Amino acid sequence: MNLWDGVDVLVSEVGPRDGLQSITPIMPTEAKLRWIGALVEAGVREVEAGSFVPAHVVPQLADTAEVVRTLKRCHPGLHVAALVPNARGARAALEAGADKITLPLSASETHSLRNLRRTHAQVLDEVRAIAELLSRAGPNRPVFEGAVSTAFGCTLEGPVPEARVVALAERLVALGCDEVSLSDTTGYANPAQVRRLVKAVQAAVGPERMTGLHLHNTRGLGLANVLAGLEEGVRTFDASQGGLGGCPFAPGASGNVVTEDLVFMLEAMGLKTGIDLDRLLAARRILAEALPTEPLYGFLAEAGLPLGFRQAA
Ligand code: ZN
């Protein structure tokens with residue numbers, strides 16, 4: 001099955017990476033696989049399975065290669081994505097069989113230095129090296145996504161100039177990224193800003209290359225921001241089940257947009273996601289059992305589906 005068959009919007013589940021890397025407990029590999037298996041059962045087509053960073057940096061994701069390999073073996077149709085900070089990580093992702101690799105480039109150089117310990121120029125050197133690596137990887141090579149993070153503001157630098165985000169997106173494509181996405185790493189974005197920045201990046205790199213939005217719900221604007229992106233033609237949205245990995249600086253605020261709430265909004269609007277909401281809620285229960293001390297967020301799980309609600313077949 002093609003990734004986009006019968007689907008209007010691709011909901012990419014990033015909980016196994018973004019969610020798990022932000023929490024203290026380490027989820028055993030077997031539990032991760034059970035949870036992701038339930039997500040696949042619900043119809044989730046793309047999962048960001050982990051991050052190819054050194055194990056001492058993010059011990060929660062030390063088993064990423066094993067998770068990617070097992071997912072490709074057990075769920076051949078699943079699009080398995082992985083984060084890579086550099087060419088070394090990209091090589092490991094390639095060896096494990098990832099379908100998509102995402103390299104984050106922080107629009108805030110202060111954040112980039114803190115997060116990857118690299119300047120913009122150094123990250124762009126890695127982009128060049130990854131493009132070179134992929135050019136020798138044959139026809140089944142993974143999709144290469146450049147993700148401009150802190151695109152809507154930074155907790156260290158404050159406002160981030162939009163012209164800088166656009167320029168970085170252009171550089172990423174010029175150096176060999178197949179697509180670019182924008183990440184609201186800090187939960188600072190608002191819908192007007194999303195609309196403006198998506199338009200500006202689309203104009204710079206072409207709408208077919210400005211593919212995804214990674215939004216956080218830290219200040220409650222996650223779904224409003226999704227809607228703004230949708231209205232500008234964006235069709236891929238990252239989300240995490242139960243908003244796993246809530247922001248420690250904003251008590252009660254979830255991390256990523258909550259997958260269940262996002263799928264409910266899209267399906268209620270008549271947009272097909274390919275995801276069955278009842279099964280998605282069943283997967284959430286598996287997650288809750290595996291991480292009993294972690295709070296899970298989201299409105300749909302609390303309120304349930306509206307009476308008479310039916311998903312289009
Ligand atoms: Zn994130």
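Okay, let's start with a histidine: His-214 is buried, with a relative accessible area of 6%. Hold on to that one, and keep in mind that what we're looking at is a predicted model.

So what coordinates the zinc ion? His-214 does, through NE2, together with His-216, also through NE2, and Asp-18 through OD, at 1.9 to 2.1 Å. His-216 is buried too, at 11% relative accessible area. If you want to find the donors along the chain, look for the spacing D-x195-H-x1-H.

Now stay around there. His-214 is where strand E7 (210-214) ends, and between that strand and helix H9 (222-231) there's a loop holding Gly-220. Gly-220 is exposed, with a relative accessible area of 52%. Follow the chain 33 residues from Gly-220 and you get to Ala-253, yet their C-alpha atoms are 7.4 Å apart in space.

Next, the second largest pocket. Its volume is about 240 Å³. It has 14 lining residues, and the closest to its centre are Asn-217, Ser-254, Val-258, Asp-261 and Phe-299. What's the lining made of? You get 6 nonpolar residues, 7 polar and 1 charged.

On to charges. Side chains of opposite charge can pair when their charged atoms come close. How many salt bridges does a search of the whole structure find? It's 17. Let me walk you through a few.

Asp-99 and Lys-72 meet at 2.9 Å, N to O. They link distant parts of the chain: Lys-72 sits in helix H3 (residues 64-74), and Asp-99 in the loop between helix H4 (87-96) and strand E4 (100-106), 27 residues apart. Lys-72 counts as partly exposed, at 21%, because buried would need under 20%.

Then there's Lys-100 with Glu-145, where the closest N and O atoms are 3.7 Å apart. This pair connects strand E4 with strand E5 (residues 143-149), across 45 residues of sequence. Buried or exposed, Lys-100? Buried, at 6% relative accessibility, and Glu-145 is buried as well, at 8%.

The last pair is Arg-195 and Glu-231, at 2.7 Å, N to O. Here helix H8 (residues 191-205) is linked to helix H9, with the partners 36 residues apart. Arg-195 is partly exposed at 29%, while Glu-231 is exposed at 52%.

Cys-154 is buried at 1%, and Cys-177 is buried at 2%. The disulfide count comes to 0.

Definitions and conventions: Residues are numbered from 1 along each chain as its sequence is written. This is a predicted model: local features need pLDDT of at least 70, side-chain atom pairs count only at pLDDT 80 or more; totals for chains, interfaces and linings use all residues. Side-chain values use heavy atoms; hydrogens and water are left out. On a 1 Å grid over the protein atoms alone, a cavity is a set of points where a 1.4 Å probe fits but cannot get out, and a pocket is an open set with protein on both sides within 12 Å along at least five of seven lines; lining residues have an atom within 4 Å of a point. Grid points are joined across faces, edges and corners, and a volume is the space filled by probe spheres set on the points. Ala, Val, Leu, Ile, Met, Phe, Trp, Tyr, Cys and Pro count as nonpolar, Asp, Glu, Lys and Arg as charged, and the others, Gly among them, as polar. Donors are N, O and S atoms within 2.8 Å of the metal (3.2 Å for Na, K and Ca); water is not among the atoms, so sites may look incomplete. Buried means under 20% relative accessible area, exposed over 50%, partly exposed in between (1.4 Å probe, protein chains only). Helices (H or I, at least four residues) and strands (E, at least two) are DSSP runs, numbered from the N terminus. A disulfide is a pair of cysteine sulfur atoms within 2.5 Å. A salt bridge is a side-chain nitrogen of Lys or Arg within 4 Å of a carboxyl oxygen of Asp or Glu.
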